[in-house]
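User: I have a protein model to study. Please walk me through it in questions and answers.

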Amino acid sequence: MKRWGLFLIGVGCLGLVGVSKAQSTEQTESAQQVIVRYKSGTRDFGSVVAATAIGARIVGALDKTKAQIIAVPFTMNAERVAAYYRSLPDVLYAEPDYAVELLDSPGVSVSDPDESQQQHLSQIHAPQAWQTTFGSPSVRVAVVDTGVDLSHPDLIDNITQGRNIADPSTEPTDAMGHGTHCAGIIAAKVGNATGGAGVAGNVRIMPVRVFDSEDKAYVSRVAEGIYWATDNGANIISISLGGVSASNTLEDAVNYAYQHNVLVVAAAGNDGSTSPSYPAAFEHVVSVAACDQNDQRASFSNYGSWVSCAAPGTNILSTWPGNRYVRASGTSMAAPVVSGIAALAWSAMPGATVDQIRSRILDTAVSVNGYVASGRADAFAAVTGGAAPTFTLSFDESPSALAGNSYVKLSGKVGGQLPNSGMTLHLTSSSSKALRIPSQIKLKANQSTFSFYAHTMPVSADASVSVKIEASGISAEKDFTVQGPALRAVRVNRSTARGGTRILLYVYLTGRSDAEVPVEITSNPSGMAQVLGNAAIPKGRVLMAFPVVLNQVASATSVDLQVKVGASAITKTVLILP
């Protein structure tokens with residue numbers, strides 16, 4: 001059975017990764033329609049006769065190619081009907097009109113996220129590209145998808161006339177969310193103090209809805225959407241859906257767009273394999289795999305030499321119907337990132353051809369480890385034609401052992417070229433129970449060093465923790481040891497006492513612990529003193545007094561009392577009198 005679907009892994013609320021669930025789904029039933037394209041010159045009467053002969057009927061057509069959509073009679077299936085038409089001498093091709101299915105994923109409302117939470121923008125150097133252009137309003141990007149929320153405050157100013165292919169009598173609104181999310185990735189308004197930012201926040205979004213009120217779409221509708229967008233002024237067509245088998249109908253539409261100087265960008269698919277997906281694998285399509293924030297291939301993403309490039313596609317924050325924002329993952333998210341980059345490049349080169357824009361994106365892509373043909377698409381490099389900004393990050397040779405329950409300053413160096421607008425460093429600690437650090441620090445363009453304060457937590461024993469700093473796929477990491485509590489001091493309330501009496505031994509720790517701290521107290525000579533009660537310091541305390549009873553002696557005797565916590569030990573001497 002053929003598989004078609006939208007390439008969305010999942011969505012979730014701000015701060016949550018969406019449910020990991022592949023969106024290319026196995027068809028549960030055969031296609032109910034067949035697309036038939038006749039050779040030029042074939043008369044309509046002949047096609048009616050052909051349909052009548054098997055009890056089928058013509059239910060629609062694609063205007064550009066005059067291909068007819070045939071309803072499959074209940075006595076046959078789509079493959080048999082297609083085979084029948086292929087046997088006719090006047091038929092160019094016939095193929096099932098497979099459904100494109102979208103799995104539901106719930107969106108959760110959040111309030112006022114901002115650009116700093118959209119890591120993919122810094123990864124592709126969008127802020128640096130914005131020094132040249134935010135995108136031109138004359139550049140139009142068609143989103144062939146589930147429609148778009150036409151009144152979303154982050155999109156409303158950038159939406160141009162669209163089309164509901166499924167129901168031309170209604171607006172291309174979005175009740176499913178997928179198309180709105182893709183549109184926001186491309187062109188959420190920049191600088192409007194609302195929500196986040198799109199890659200090209202001043203270009204126009206052309207919503208082309210191919211899903212009907214029952215959340216279904218078909219290959220024929222996707223093709224019709226491509227034709228409509230091409231004829232109505234789109235420069236770029238962004239497609240985040242597809243399937244595992246080639247479709248002549250879709251390829252005809254893609255070729256039509258290419259012949260009219262329109263760039264088609266499509267998601268490569270979420271099967272985690274090298275198997276081609278369509279329309280992404282067609283010759284005149286820029287196909288896009290998904291990578292993580294370190295430019296590594298996302299585990300779900302398709303890959304291989306047939307894939308043109310990669311773009312961030314994990315945990316991407318964007319718009320959602322109802323004035324909301326959600327995070328989502330999938331090649332569905334990576335494709336509109338590249339569509340936005342293409343829109344910036346076209347804005348900077350308004351007279352360019354589709355081949356020139358394609359070459360600019362692929363020739364300037366940042367090298368990755370070979371899972372795509374070119375590399376990770378970069379907005380700054382595509383706009384300027386130069387290399388993406390390069391820099392290095394490193395930690396200073398500071399002590400790696402840190403006292404628990406204290407504040408310590410950590411520092412490092414930045415080498416190479418920083419963007420003119422500066423940069424945000426993202427910081428992570430492998431264990432917040434041992435070491436807490438800020439989530440990010442901002443650097444200026446001419447800054448060559450960085451520093452931040454870390455809070456070591458009270459731990460009951462030495463804890464290993466790593467700190468990672470990262471920006472735009474460049475990272476550095478250092479391992480630290482947060483030390484458990486150690487002895488700071490020991491004192492006795494009486495250094496001379498008679499045998500049989502009790503003295504107090506005060507034990508001080510270097511810091512508080514998150515658990516009870518065992519204390520070992522011994523005497524030399526052995527057996528000259530006994531500790532009363534539990535020899536441990538309770539959780540959260542740094543001082544404890546331990547009562548110690550001295551043994552009877554026949555003559556004055558000097559006794560060493562050793563206190564040990566972990567690897568640290570302190571000895572106090574007491575003189576016992578008879």
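Analyst: Start with strand 23 (residues 423-429), which is mostly covered: five of its seven residues are buried. Buried means under 20% relative accessible area, exposed over 50%, and partly exposed in between (1.4 Å probe, protein chains only). Strands (E, at least two residues) and helices (H or I, at least four) are DSSP runs, numbered from the N terminus. This is a predicted model: local features need pLDDT of at least 70, side-chain atom pairs count only at pLDDT 80 or more, and totals for chains, interfaces and linings use all residues. Residues are numbered from 1 along each chain as its sequence is written, and side-chain values use heavy atoms, leaving out hydrogens and water.

User: In strand 27, which residue is the bridge partner of His 426?

Analyst: Two strands pair if DSSP finds at least two bridges between them. Strand 23 pairs with strand 27 (residues 463-471) in the antiparallel sense, over four bridges. In strand 27, His 426 has as its bridge partner Glu 470.

User: Along strand 20, which side chains point to one face and are buried?

Analyst: Strand 20 covers residues 391-395, and its side chains alternate.

User: What is the strand order in the open sheet with antiparallel pairing?

Analyst: The edge strands are strand 20 and strand 24 (435-436), each pairing on one side only. Strand 20 is joined to strand 22 (residues 406-416) by five bridges. Eight bridges join strand 22 to strand 26 (residues 449-456). The order of the four strands is 20-22-26-24.

User: In strand 38, which residue is the bridge partner of Arg 498?

Analyst: Another open sheet of four strands has mixed pairing and the order 30-38-37-33. Its edge strands are strand 30 (496-498) and strand 33 (520-524). Strand 30 and strand 38 (residues 568-577) run parallel, joined by three bridges. In strand 38, the partner of Arg 498 is Leu 577.

User: At what angle do helix 5 and helix 8 pack?

Analyst: Helix 5 covers residues 178-187 and helix 8 covers residues 331-348. Axes are lines fitted to C-alpha atoms, for helices over the stretch in contact, and angles run from 0 to 180 degrees between N-to-C directions. The two axes lie 8 Å apart, and the angle is about 35°.

User: Which residues of helix 8 make the contact with helix 5?

Analyst: Contact means heavy atoms within 4.5 Å. Helix 5 brings His 178, His 181, Cys 182, Ile 185 and Ile 186. From helix 8 come Ser 332, Met 333, Pro 336, Val 337, Ser 339 and Gly 340.

User: What share of the 578 residues is buried?

Analyst: The protein has 10 helices and 38 strands. Of its 578 residues, the buried share is 54%.
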